[in-house]
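The sequence and structure are shown first, and the discussion follows.

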Amino acid sequence: MKKLTGKEVQDLDQQYVMHSWSKQGATHIPVEKAEGIYFWDYDGKRYADMSSLLVCTNLGHNNRAIVEAIKEQADKMCFMAPAYASEPKSLLAKKILDISEDNMGRVFFTNGGAESNENAIKMARMFTGRNKIFSRYRSYHGATLGAGNASGDWRRFAAEIGGANGFVKFIDPYTYKDGFEDGEDEKASAYYLKLLEDQLHYEGPYNVAAIILESITGANGVLIPPKGYMEGVRELCDKYGIMLICDEVMAGFGRTGKMFGFQHFNIKPDLVTFAKGVTCGYVQLGGVVVSKEIAKFFENEPLLCGLTYSGHTLACAAGVASVDYYLENKICEHVEKVGKVLADFLDEMVEKHPCVGQARHIGLFSALEIVKNKETREPMVPYGVANTIMPSIMAELKKRGFSTFGRENNINICPPLTITEEELKEHLPILDEVLTWVDETYL
Ligand code: PLP
């Protein structure tokens with residue numbers, strides 16, 4: 001392949017590539033290589049990847065175990081059609097079921113998160129014979145038509161043009177915004193569950209096929225549900241015969257210190273969707289894990305779901321190597337340990353900076369909520385308003401070699417799960433420095 005300069009890569013990109021969720025024509029940093037928690041641009045500038053890109057490179061960049069597994073499989077067979085069995089696909093399905101709850105029965109493979117949710121929604125509708133899908137406002141489930149309509153944040157708006165029917169939104173347990181204090185979990189859970197049950201009644205619970213939710217909301221601010229909330233949602237699902245779909249696309253695969261985010265709660269979902277961390281993005285892959293009951297249903301009914309690349313051989317080989325790596329290297333235990341270092345630092349930021357309203361963290365999944373006023377909890381950027389504040393904060397971080405993303409008034413910090421304590425301690429002071437800049441610039 002022709003070797004281009006960084007400038008040539010950037011110019012071609014600017015002229016010909018369409019970029020997600022933005023107006024076209026902006027310049028984008030050309031990235032030449034990546035290793036561990038770092039990537040480098042063509043001028044040799046190093047960036048610490050403090051968001052695991054889009055919370056997917058969980059095992060770091062260029063992890064040799066995954067790279068070698070891909071190479072080995074590529075030499076043997078890159079792709080076999082879904083109708084055939086292949087060793088990586090069979091093995092990965094078994095490994096995913098081994099780390100799932102004991103009520104789960106089979107896996108349907110997709111190419112990513114949106115397709116996983118799209119197919120989970122179809123399966124729940126086929127299984128229940130019902131139409132409506134309940135999801136939350138502060139959520140993201142993907143950009144395709146069904147997943148886009150299930151999504152709650154503004155990224156759903158284009159999917160809603162012309163519409164897809166049966167999608168109903170409900171209110172998230174965003175306890176900080178709604179004024180709840182620490183220690184008020186029970187009260188908060190009861191409040192949000194009552195709202196949900198009321199809404200189910202207005203919609204007719206017998207019309208509702210599924211409630212889909214991120215066990216721990218990711219891109220919309222790492223919202224950790226209050227104690228009892230997830231168990232309460234499960235109870236409502238049981239009461240009304242509704243399927244519970246846990247979207248583990250971002251929270252899954254060790255991110256929170258457990259293999260799946262819902263495992264922090266005392267629940268068993270009916271369907272679990274995953275992507276991202278299953279291969280760390282080295283080759284794109286997603287999937288839906290379904291309960292034994294749903295799996296049995298589709299032994300007698302045709303599964304009207306299909307994708308040319310379902311169970312892609314190379315992707316599944318990357319998946320097998322990734323799952324093995326998580327387990328053999330005890331990644332969840334490591335996340336719990338280094339997660340404490342991150343948590344202590346973020347809690348300190350709340351004490352130190354007037355602009356930090358709350359720190360939310362679980363494992364290496366975290367966000368800082370940036371506020372204008374700590375007393376009133378008024379967000380620095382009101383919901384739905386696009387201004388330059390958050391992009392400027394991200395740019396200040398990036399200038400100092402700290403790469404991450406933020407949405408609304410949240411800064412997400414979700415480094416690769418392989419990050420060491422020393423690496424964390426080396427890069428977190430940059431965030432501290434930029435928060436001082438935010439205090440001085442915007443308050
Ligand atoms: N679900 C969640 C929770 C996500 O965070 C994302 C993407 O960020 C998706 C689904 C969509 O995944 P994909 O971009 O692979 O379609």
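## Surroundings of D41

In this predicted model, the side chain of D41 reaches the backbone nitrogen of D43 at a distance of 2.9 Å. D41 itself belongs to strand β2, which covers residues 38-41. Its relative accessible area is 9%, and because buried means under 20%, D41 is classed as buried.

When residues up to four places away in sequence are set aside, D41 touches I29, P30, V31, E32 and Y47. A separation on another scale concerns D41 and Q263: these residues are 222 residues apart along the chain, and their C-alpha atoms are separated by 38 Å.

T217 is placed in the loop between β7 (208-214) and α9 (229-240).

The side chain of T217 forms a polar contact with the side chain of R136, at 3.3 Å.

## Packing of helices α5 and α10

Two packed helices are described by the distance between their axes and by the angle between those axes. For helix α5 (residues 113-128) and helix α10 (residues 292-300), the axes come within 11 Å and cross at roughly 70 degrees. Since angles of 65 to 115 degrees count as roughly perpendicular, α5 is roughly perpendicular to α10.

Which residues make this contact? On the α5 side they are M123, M126 and F127, while α10 contributes E293, I294, F297 and F298. Sorted by class, the contact of α5 with α10 has 6 nonpolar residues, no polar residues and 1 charged residue.

## Domain organisation

The protein is divided into two domains: domain 1 comprises 6-62 + 330-442, and domain 2 comprises 66-328. Taken over C-alpha atoms, the centres of domain 1 and domain 2 are separated by 25 Å.

How many residues does each domain bring to the contact? Domain 1 supplies 41 residues and domain 2 supplies 45 residues.

Terms used
Residues are numbered from 1 along each chain as its sequence is written. This is a predicted model: local features need pLDDT of at least 70, side-chain atom pairs count only at pLDDT 80 or more; totals for chains, interfaces and linings use all residues. Side-chain values use heavy atoms; hydrogens and water are left out. Axes are lines fitted to C-alpha atoms, for helices over the stretch in contact, and angles run from 0 to 180 degrees between N-to-C directions. Helices (H or I, at least four residues) and strands (E, at least two) are DSSP runs, numbered from the N terminus. Angles under 35 degrees count as roughly parallel, over 145 as roughly antiparallel, 65 to 115 as roughly perpendicular and the rest as oblique. Contact means heavy atoms within 4.5 Å. Ala, Val, Leu, Ile, Met, Phe, Trp, Tyr, Cys and Pro count as nonpolar, Asp, Glu, Lys and Arg as charged, and the others, Gly among them, as polar. A polar contact is a pair of N or O atoms within 3.5 Å; within protein, one must be able to donate a hydrogen and the other to accept it, and residues adjacent in sequence count only if both atoms are side-chain atoms. Domain bounds come from an automatic or database domain assignment. Buried means under 20% relative accessible area, exposed over 50%, partly exposed in between (1.4 Å probe, protein chains only).
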